[in-house]
Amino acid sequence: MKRGWLAAMAVAVGLVLTGLDPVLTDDPVDAAAAVVMEARTGRVLYEQNAHEPLPMASTTKIMTTLLTLEQPDLEEPFMVDEEAIQVEGSSMGLQVGDTVTLLDLAYGMMLPSGNDAANAAAVRIAGSQRAFAALMNQRARQLGMEDTFFVNPSGLDAQGHEASAYDLALLQRAALRDGLYREISGQTQAKRSFGNPPYDRWLTNHNKLLTYYEWCISGKTGYTDAARRCLVTAAEKDGITLICVTLNCPDDWQIHQTLYEECFARLEGVDARELAGEYVLPVMGGEEAAVTVSPAVEESTFPVAAGERDRLEQRIHLPAFVYAPVARGEVLGEVVYSLDGGELARVALVAEKAVPAQEPAEAEGLWSRLRSLLPGGTS
């Protein structure tokens, strides 16, 4: 068992964006912009005009859906705003006087790409489409979407309504953390009940990659005269999740499959629990004098390209000691992995077991034992 006594305490725990070179350096694809991102670390594996702001059509609805699913009372019925649903383009079939829920509208946005659903959700949540667009832009800034500006919740062509392929990958990455979003966006069909009075009806997903490509788990299509064909998808294979974005791409179904296959073929999973091992951390005021910490199971695996494993550098960040009580699974530090000088991933170091606080009467004996564990301590 390894023993480490590092004084540096981790400030941020989780996985971070990298500045590493892309894995693929092949010829450009037939798209105005494209990007492939590894969802776990945020590493860009392929890019083409990735930071150019472009019209993104109904891929906009990823943000609208994400904000909708974060609302309380998703299944509370309400009547749709009459003006909001009077909109051109794709629709989930809302009529004046219809009763829906926000959850219905989320399905209506992600599957049939309903502009009526997006507008109705925006008005319900923020009072107006303009106010909702402000919420969209606020969240975009929080996610680091620096090349994006939202004007409306649906993605219909509007002056200044643009996003980059990279930003849309960031958005999809954030949305995939929402289990309900993953569930909705991964369905080829869904039955929902809404109307006046509500009745059952089937909604069909426009994202045909869910059918064409067996590893596809999520996505959103988009098309307008200005944006042309736009597609944001995610695929999962052998424990690795990739995100692909293409803007103005006439053969997007095939290009997404090709980019996925080329990237998956060059990646392998690395388990931080094997690389980092376990560390023993002194506990002050606990029923036990120390606790074992190791990488969190749920986030320990991250991918690298073939040949990169041996070039990984590892830095362990732990405090000199912690105070009781310690909860099982509590984050106590982190391990940081770098590749060729660029940071690749951060993985939380967590307590393997709980350590309750010691009763006051027994504290003096415990302090003596702890002093003997510390560097330079005596027994």
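Is A57 buried or exposed? I looked it up in the predicted model. A57 is buried, with a relative accessible area of 1%. I use buried for under 20% relative accessible area, exposed for over 50%, and partly exposed for in between (1.4 Å probe, protein chains only).

Ground rules I kept to: the model is predicted, so local features need pLDDT of at least 70 and side-chain atom pairs count only at pLDDT 80 or more, while totals for chains, interfaces and linings use all residues. Residues are numbered from 1 along each chain as its sequence is written, and side-chain values use heavy atoms, without hydrogens and water.

Backbone angles. Most residues other than glycine have a negative phi, and most peptide bonds are trans. I went looking for exceptions.

A57 is not a glycine, yet its phi is positive, about 50 degrees. I found A57 in the loop between strand 2 (44-48) and helix 1 (61-69). Helices (H or I, at least four residues) and strands (E, at least two) are DSSP runs, numbered from the N terminus.

R228 also has a positive phi, about 60 degrees, and is not a glycine. I placed R228 in strand 8 (residues 228-237). R228 is partly exposed, at 38% relative accessible area.

Peptide bonds. Which residues does a cis bond with omega of about -5 degrees join? I traced that bond to N196 and P197. P197 sits in the loop between strand 5 (189-195) and strand 6 (198-204).

I noted another cis peptide bond between A324 and P325, with omega about 5 degrees. P325 lies in the loop between strand 15 (322-323) and strand 16 (331-339).
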